[in-house]
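Reader: I have a structure open and would like to go through it piece by piece. Can we start with a helix?
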Amino acid sequence: MEFFQDGESEDEFFLIAFNDKPTLIADFTSSVEEVQGKLVYTVPKGRTALLDAIYLGMAKMRQAKLQRKALLNHLRWWR
């Protein structure tokens with residue numbers, strides 16, 4: 001959440017969840033609330049396809065409008 005608070009108004013975000021395979025949950029948006037709302041409801045399950053998610057994220061970032069880009073990984077562990 002701190003990352004989003006430090007963003008600029010013209011920043012754009014997308015969200016990929018990954019379990020057995022990566023899935024685009026939120027397409028490019030400048031709405032922090034939209035991404036945060038969808039992030040809250042992602043549930044970890046199955047195996048972790050981290051590398052597949054990274055490849056999908058890199059391909060998605062090629063569509064970005066802005067020059068500066070960042071790819072963040074947020075792992076949530078459940079027991």
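Author: Start with α3: its buried residues are Ala53, Gly57, Lys60 and Met61. Buried means under 20% relative accessible area, exposed over 50%, and partly exposed in between, with a 1.4 Å probe and protein chains only. Helices (H or I, at least four residues) and strands (E, at least two) are DSSP runs, numbered from the N terminus. This is a predicted model, where local features need pLDDT of at least 70, side-chain atom pairs count only at pLDDT 80 or more, and totals for chains, interfaces and linings use all residues. Residues are numbered from 1 along each chain as its sequence is written, and side-chain values use heavy atoms, with hydrogens and water left out.

Reader: Switching to α2. Which residues are buried there?
Author: Val32, Val35 and Leu39 are buried in α2, which runs over residues 32–40. Their arc around the axis is only 70°, which puts them on the same side of α2. The face turned away from that buried side carries the exposed residues Glu33 and Val40.

Reader: What covers the buried residues of α2?
Author: The cover includes α1 (2–5), β1 (13–18) and β2.

Reader: Which residues make up the largest nonpolar core?
Author: Seven residues do: Phe4, Phe13, Leu15, Ala26, Val32, Val35 and Leu39. A nonpolar core is a set of buried Ala, Val, Leu, Ile, Met, Phe, Trp, Tyr and Cys residues joined through side-chain atoms within 4.5 Å.

Reader: Which element gives the largest share of this core?
Author: α2, with three residues. Another core, of five residues, lies apart from it and has Ile16, Phe18, Ala53 and Met61 among them.

Reader: What does the side chain of Thr29 make a polar contact with?
Author: The side chain of Glu34, at 3.2 Å. A polar contact is a pair of N or O atoms within 3.5 Å; within protein, one must be able to donate a hydrogen and the other to accept it, and residues adjacent in sequence count only if both atoms are side-chain atoms.

Key
The arc is that of the directions from the helix axis to the C-beta atoms. Contact means heavy atoms within 4.5 Å.
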